[in-house]
Structure formats: C-alpha cells, structure tokens
There are 2 protein chains.
Amino acid sequence: MTDESNGAQGCLAGVRVLDLTQFEAGPSCTEALAWLGAEVVKVENPQGGDPGRKSIVGSDGADSPYFLLFNANKKSLTVNLKSPRGLALVKDMAAKADVFVENFAPGAIERLGLGYDVLRALNPSIVYAQVKGFGEGSPYERNLSFDMIAQAAGGVMSITGAPGGPPVKPGATLGDTGTGMLLAISILGALYRRAATGRGARLDVAMQDAMLHYIRVAFALTARTGEAAPRVGANVISAQVAPGGIYPCTPGGPNDYVYVYTSRANPAHWRRVLEVIGRADLIGDPRYDTVEARMEHADEVHAMVGGWTRQRDKYEAMRILGAAGIPAGAVLDTLELRDQPDFERRGVMQVIQHPDFGAFKMPAWPVRLDGAALPVRPSPLLGQHTDQVLGEWLGLNAAAVADLHAQEVI
Amino acid sequence: MTDESNGAQGCLAGVRVLDLTQFEAGPSCTEALAWLGAEVVKVENPQGGDPGRKSIVGSDGADSPYFLLFNANKKSLTVNLKSPRGLALVKDMAAKADVFVENFAPGAIERLGLGYDVLRALNPSIVYAQVKGFGEGSPYERNLSFDMIAQAAGGVMSITGAPGGPPVKPGATLGDTGTGMLLAISILGALYRRAATGRGARLDVAMQDAMLHYIRVAFALTARTGEAAPRVGANVISAQVAPGGIYPCTPGGPNDYVYVYTSRANPAHWRRVLEVIGRADLIGDPRYDTVEARMEHADEVHAMVGGWTRQRDKYEAMRILGAAGIPAGAVLDTLELRDQPDFERRGVMQVIQHPDFGAFKMPAWPVRLDGAALPVRPSPLLGQHTDQVLGEWLGLNAAAVADLHAQEVI
C-alpha cells in the first residue's frame, strides 16, 4: 500500500507549497496536497510551532495524535517571523513557491508583512490561498471562528437534531476539514490554470460560507416550502420515509444501532423489509403499501422494524438487510473502525511509525489511485526539515544555515 | 460577480468530463469541476434522466431545486445506453474525454459495458473515477448505500448527539457531498499529473471510507483513550470547555440560539465573557479561573452565560460577544442564510434564471478566485445539449444527429 512505485507521489510532483497554516482548516487542505505528492513545507515558530502539536487533552511531550492526523507527508521548517531576517527568509521562499496557504486570524498575515500584495510582487504566478471564519464584506468579517462557530452560523446545526428539540452540533469537523477540502479543490484548479497559462491566483474562503455547500439539500427544501428547513431527527430532510432511521440492536450499548432506509424511488425496498422481518403477509396491505400510508402509520412501521433489529446485533442486522438489497448501515464507532481489519488491509487505515509517538494507526486519504491507497508518511518533528529546505529551495550552504541558527532566526 | 472576464471560467478550460453520475455524491463532484470551468457533459437516459431531477417532495413538472443545486454549469446529453448505437456513441465520447465519472450501484457500469478496462483500451490517458458505497474488499462491497448509510457505517453518527442519548444523524449530507469533494480533489491531482505526463488514472472512493476523513479529531481522541469517541452534545470532542455550547436566546424560536466558545489555549476568552455578562467581579475567582475549575462548576457557568444570552436575540448576542473577541456564532437557519443580503452581495448566494423553474437563489462555490465568486449558470434541461455536444465532440452533422433522434438512440 505504501509502495511509491504506483506513481501516487507523482500527481503533484514538483509542486512547492509554503504552508503557514495551523490547527485543522488550513492543515487539512495542505495535507491533501501533500498526500497527492506536493512538497508541503510547514513554516512554524521555533517556540512550539503549530499549536495543534499540543492539541487533545493529555498529550505529553510528543506531538499530539491530532497533529499527526492533519500533517502527514509534510516537512517542517522553523523560523522566527518577528525577526527581519526570518521574514526575509520566508519572502525568499515565497518567491520560489507555487502555492502559499494561511489561516491566521483576520488581518494577521498582513500585519506579519506577508499579505497578498507583498507576495504577488515577489512572485506574480503564486497561488495565494486563505481561510477565514467569515467572508470579506460580512458583518462578522473581523470575528474569530472555530469549527463549531462555522457550523452554527453556516446552518449545519439548525438542521441537526430531533423535531421540537434544540439544534445539535454534528461531531464531524465540517467547519474545519469541510472548508479545507473546498480550498484544496480551488488550489488545484488554480494550479491547473497556472500550468497552462503561468497565471497566479488569489483564493479565499470563509468557513461560514463553506458550510452552505454541505447543506444544499436543506436549501432545496426551503426553495419548495419557503420556510427554514426543520430538524427531522434520523430521517432524511428531503424525503421522509418509514422505515427510515436509526433502529436499536442487541446488546444495547451506546452504538448498537443500525440505520435502515427504504427509498421513495424504489418500492421494492419495503417489500424486501417485510420478507426479511418475517411479515411477508403484509405485502400489498394498503395500510403500508405506499410511502404516504407508511408515514401515516409510522409508529407501527418503526415498531415492526425495531422489533426485528432488537433481536440481532448491528453487524448481523446490516449483513442480512444489505444482502436482501435494503440500504442499511450499522452505526460504527471510532474504535470499531480503527480495529476492523478490512480498513487496514485496504489501506484506508495505515500504520505510521512516528519517531516520538511510535506506531500510530490513522485514516489515510480514502480515494484510491490506480487501485492502491496513497502512501502516508509521519508528520514532521518541529523544524525537522529546516536545513534541508533552506538548502534545496534557497541554495543556502551549511555555513549560512549555521549562522541563521546562531542568530536564532531559524 | 458573474463576469467571466475574471478568468474563473478558465481554470479548467478545455477539460472534458463525461459525467454518468446521478443524485448527489457524483454530481457534487462533477459540478465542482464545472464551476471551475470544465466542460461537464451529463449523459442521461431519455426517459427522465438523472432521478435527481424529480427529487424533493412536491416537485411538479420542472426540474427539482435539488437537481438545480447539484448540476449547475453542466451540459445534458440524452442517450439510450441499452441500444448498441447509443453505447457506441458513449464510447466514442469516452475516447475524446479527459475525465469519466460514475456513481451507479456496484457492478452496474461494468454490466453496461463501460468498465475501466473497456474505456482505458479506448483512451489510455483517461481519468476514470468512481464512487461506491463500500470499498472493494470490504465485507459490504456489494451493498447499496445512501448518504445516511455512509454516515452510520463511517462513524459520523456515533459521535453526534447528547451524552447518554442515541446516535444522531447530522443534517449535512456529508456522505454524499463530503465524498464528492474528496473525489474532486483526486481527479484534479490526476489531471495535473496527466498534463505533465500524459498518464491516465483510475480513481475510486467508498462513501463509508470517505467519512473517516471528516471525523479525524474523534480518532485522535481514541488514540489517547483507547476507547470509542463518545457523544459530547454541543461541546468539542477533543477538549471540552465551559462555557462551550449552544445557548438559548430570545424570543425562543426553534433556532434562537448562539454558540459560545472559550478556547483552552486562550484564557482571555473567559475573562472577556465575564466582562460582557457583567460579572467582572468573578475575574480571578478560583472557582472559575481555569478550564478544569470551570468544568467542575459547568452547570453554574452555563447558567451564568445562558442567563445573559436569554436576554438578547441571537444576532445581538453574536455581535456583542464577537466584538469582545469571544468566538461566537448565531445558529442560523436556511431561510435566514438565503435571505440575508450579504451572502448575495458577496456572490456566496447567486440568483439564476432557470427556463422552467424561473428565478432561483442558490449557494454558489464558496471559494473566491481573484476576489470574485465563480459564475453560476443554470442546470441543463434534459437533453439540452445533445446535438451541440455530438457535433463538437464527435463531428456529427445535422443529418447524422437527426438519424440518431429518429432511431431513438438519443
């Protein structure tokens, strides 16, 4: 799976990314580029670097698993951006870079002296990309943001949760990684244009705005109803059905559930459910024979299906329902997903050997290229590649690098 | 905002995408390519086309808003794939295409005679991309999937919801659009490699696997604890804090809430909260002065903050908290997001004129290129571009196209 001969490394071979991002929204973006083979150099302050290195409660001296997850395949270079020589060094690197990415708080990159106008003057064909919490021109453009703030202000929480209950925060970090993925797509589009035309680009995305992209089905509903899309619990916002939802399984642990769905577009799903649960006698019964009829008798339908699922564990329920051609998925948790062997066998999970952390099994890029998973290399130690990158990008020799170290510039 | 002179159209200018996708996971992917300027030709059956055209309850004869949202900027060509001449036509187009994308049920594209081996023989440099529910080699590889199934089996539901409560389905369609975005990144990586080397690629992604990418913070927690990541309600899975959560506002409607967060990394957030809520007397009070102390008194802290938010509407609360440097976000719903003028002014929302549907305001690609939003053109009517594309891609003249129509091939 980690054989580089599959050419995975080559997709973005030769692309140089100057990465001034931290935490998740920016790092998830540049990590996607790194997995695809770009040379991503993380520029970090010598005093601790990306604060994500110390994220997740309980981390000891080693870099946190949070950092390992969002910074694989990257290089790290430390530099003191507050020193004039350090800043000049980063500008020299920007002149050699194809892509520049940052996700500091609003205004910070300009105060550092690395705003778009400065870097474009040094490198007109640079692809300069930024993540902010709120868009330029938004009433909140100066506000701080985090994943949850974006999910609140971007509509995601308003459509998550039970009918009549309060809004709920999804556990997935859509505000961060969801935004990072949209910026990665845009960077790749700009790189394609640049390869053909030599033209640079300025890209910027707001986390709030990015959320709208992931709740477009809810906007479709609003277009029909003229009302805010409601919370519909486990059902599907665009087309509520019964059966449709999260049904309990034995032995009743916190994640012993199976999702069962019967599509409006395929009446066979309901007939298959009746056969599986041993109620073929109800096939054709007008109380249940259409989606509308089943929604009217939704409590009965849920009880019938739940009565069957409760007799089985979630894996058995998923296996039987799935084999019968009914869309079904066990609610799997992170421990189950980490430990089921098929994910590792398929390269969706890969074990890296981190020099401090040791062996770490982590989700890799989930898209296969030419039948194989992209290889994952451990996230860099702080400053691990400082000397190497200064030599390769800027041609600095050992004496010059030693002087920069002595002056505490790097 | 829709001025094409900004060059947005040009990012993927000249890239031809043969699009055999339907519903959302595939269409969201090819739409991203279309927004970036690729020529995306949707191949549809003449009897109704993409079933997404009729999605969302209550749609009349016109294409549904669901379809409009996921198929902007594309072309539509109808062809009967069950007829030998129709199939031959699509193969001729595949020979001219740069990218091919499909998300049929497992095995369907091979049964149609358009599997990877067939198209690669016709066009060795094609980028061939597929979305499936479960990965090749997974015990569920033959199973059907939908957005919710992926969110169940991919861990997302297991980390969404209240402590002690059942798993909750997020409203965002991460299983579909979340997967589509990862495939779009991979296609763009492969296109970049192809431009440099002429080499084609085969890409495939499973919706279940794609979900792991969006819940990596939960995997970081599991790496620390050795246990499944729990549900933590509105708090943050990696670092629970108080205040931190969804607080009620006046007048108490279903989405009258504000998310308030105080970062562990920045003790100033808590002091600012105390000042804003008029309790500066508690600054330095040991009962609340550290994150740990506040978590011990979490109920009191939530009551203090909630007492203040209840006196205000969510916009005022967000404005005051945000201006004080406290991360805060009102819970906005789809109607508010659609109708607030700043989104349209900034091009995040754009109004299209659809020939049947009429004016439709929809979320556009949220990343700005060179300071402007990418232009949005209405989704195509069924078969709208059949004749044009057959002429341009295959050089068929009017008589040849008329014959294909007469034979009901197209």
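Chain B contains an open sheet of 3 strands in the order S7-S8-S9, with antiparallel pairing (strands are DSSP E runs of at least two residues and helices H or I runs of at least four, numbered from the N terminus; two strands pair if DSSP finds at least two bridges between them). The model is predicted, so that local features need pLDDT of at least 70 and side-chain atom pairs count only at pLDDT 80 or more, while totals for chains, interfaces and linings use all residues. Residues are numbered from 1 along each chain as its sequence is written, and chains are lettered from A and ligands numbered from 1 in the order in which they are written.

**The sheet of chain B**

- Strands S7 (244-248) and S9 (328-330) of chain B are at the edges with a single partner strand each, so one side of each lacks a neighbour in the sheet.
- From one strand to the next, the twist averages 20° (axes are lines fitted to C-alpha atoms, for helices over the stretch in contact, and angles between N-to-C directions run from 0 to 180 degrees).
- Strand S8 (residues 257-261) of chain B pairs with S9(B) over 3 bridges in the antiparallel sense, and Gly329(B) in S9(B) is the bridge partner of Tyr259(B).
- Helix H13 (residues 314-323) of chain B packs on the sheet and touches S8 and S9 of chain B, its direction making about 165° with that of S9(B).
- Helix H12 (residues 298-309) of chain B lies across S7 and S8 of chain B and runs at about 40° to S7(B).

**The interface of chains A and B**

- In chain A, 118 residues are in contact with 118 residues of chain B (contact requires C-beta atoms, placed from the backbone, within 7 Å).
- The side of chain A that touches chain B receives the most from helix H7 (residues 174-197) of chain A, which gives 16 residues.
- That side of chain A comprises 75 nonpolar, 28 polar and 15 charged residues (Ala, Val, Leu, Ile, Met, Phe, Trp, Tyr, Cys and Pro count as nonpolar, Asp, Glu, Lys and Arg as charged, and the others, Gly among them, as polar).
- Strand S6 (residues 201-206) of chain A and strand S12 (residues 368-369) of chain B run antiparallel and are joined by 2 bridges; Asp204(A) stands opposite Arg368(B) in S12(B).

**The H7 helix pair**

- The axes of H7(A) and helix H7 (residues 174-197) of chain B come within 10 Å and cross at roughly 25°.
- H7(A) and H7(B) are therefore roughly parallel to each other (angles under 35 degrees count as roughly parallel).
- The contact of H7(A) with H7(B) has 18 nonpolar, 2 polar and no charged residues.

Note on methods
Two residues are in contact if their C-beta atoms, placed from the backbone, lie within 7 Å. Angles under 35 degrees count as roughly parallel, over 145 as roughly antiparallel, 65 to 115 as roughly perpendicular and the rest as oblique.
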